[in-house]
Amino acid sequence: MSSPTGPANGLPVRMPRPRQTGRHRRPEPAVAPEGAPALVLAVPGAPSAASRGLAEEIISIGRSELPGLDARIGFLEGEDGSEFPSLSGTLNAVARERAERAEFARAAGHEVPAPTGPDAVVVPLLAGPDADLLRRFRQALMDSSAAAELADVLGPHPLLAEGLHVRLSEAGLARADRARLFTVTTAADGIIVATTGGEEAVQAAAVTGMLLAARLAVPVKAAALDQEGSVAAVAEQLRLEGSTQLALAPHLIGPEAAEGLLDTARKEADCATAEVLGAYPALGKLAVAQYSAALGLPQGAAAH
């Protein structure tokens, strides 16, 4: 039998840690409001096991950032009834399930308030704006039966610059930490931040590139992967300005880029290439931040 001070057998009891008070107490973690719209991560490009795994990892991080979040995945080029559901199909399922929950509550005699927000917020899995892909995302929303809102893309953002830095350091092309006094003999002295999606996407990549330049203290310029000659021209400009060892940093998550684009760019620039951002953990935070911003929810850790 236990007592207020411990169990009868003398084993210690794990007591709840007292809540810290004052200026330095930790903020309570944000939780998704009851009945909040679903977050639907919109995945561009041809569906594959790799893109699904990437999206699932980002969604998992998003759920840890905002407990209680209803998060789904929809593929722009998906097919309903398959393992890669279309974006409009996922939205239809969200709307249908929301209506079914309301009907079940009414049947149980509960008062169900009229919905005040969308069924879902669609977060594009894009590091920067891509006019063509965003147009297709909007069309998918219009083709669905759901009341859905399209959130902003994930960048530009300091966390993307952090991700590019990490990918460069993983490839041995940059110091992992400027405070460390070891030499990386393969470190680049000029970075090309390459993206797809047109001029607006290049401008967004340039903003992230400026943040990356501040981290690495080397010149960084943006280029368009899907514009012939753009990467080669930027590489030549960096070399004319004194850079001798260039590196290509893809301002891409991965699924949005056509196969072979990066390899072509690497050959044009004649330089080493880092990996795409992929499932970099900060992307889950940014997805939740864009979801929260679209709904006007308080911004927690994901916003910073």
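In this predicted model, Ser144 has a relative accessibility of 11%, and because buried means under 20%, Ser144 counts as buried. Ser144 belongs to the loop that runs between helix H3 (131-143) and strand S4 (148-150). A polar atom of the Ser144 side chain lies 3.3 Å from the backbone nitrogen of Ala146. When the neighbours within four places in sequence are left aside, Ser144 is in contact with Ser88, Leu91 and Asn92.

The report now turns to a helix. Helix H5 (residues 199-216) has 18 residues, which at 1.5 Å a residue should span 26 Å, and this agrees with its end C-alpha atoms, which are 25 Å apart. Which residues of H5 are buried? They are Ala201, Val202, Ala204, Ala205, Thr208, Gly209, Leu212 and Leu216.

The table lists elements that are included in what covers the buried residues of H5.

| Element | Residues |
|---|---|
| Helix H4 | 158-170 |
| Strand S5 | 190-195 |
| Strand S6 | 220-224 |

Just after H5 comes Ala217, a residue that takes a positive phi of about 60 degrees.

Methods. Residues numbered from 1 in each chain as written. Predicted model: local features only at pLDDT ≥ 70, side-chain atom pairs only at ≥ 80, totals over all residues. Heavy atoms only, no water. Helix = DSSP H or I, 4+ residues; strand = E, 2+ residues; numbered from the N terminus. Buried < 20%, exposed > 50% of the residue type's maximum accessible area, 1.4 Å probe, protein only. Polar contact = N/O pair within 3.5 Å; in protein donor to acceptor, adjacent residues only side chain to side chain. Contact = heavy atoms within 4.5 Å. Expected span 1.5 Å × (residues − 1).
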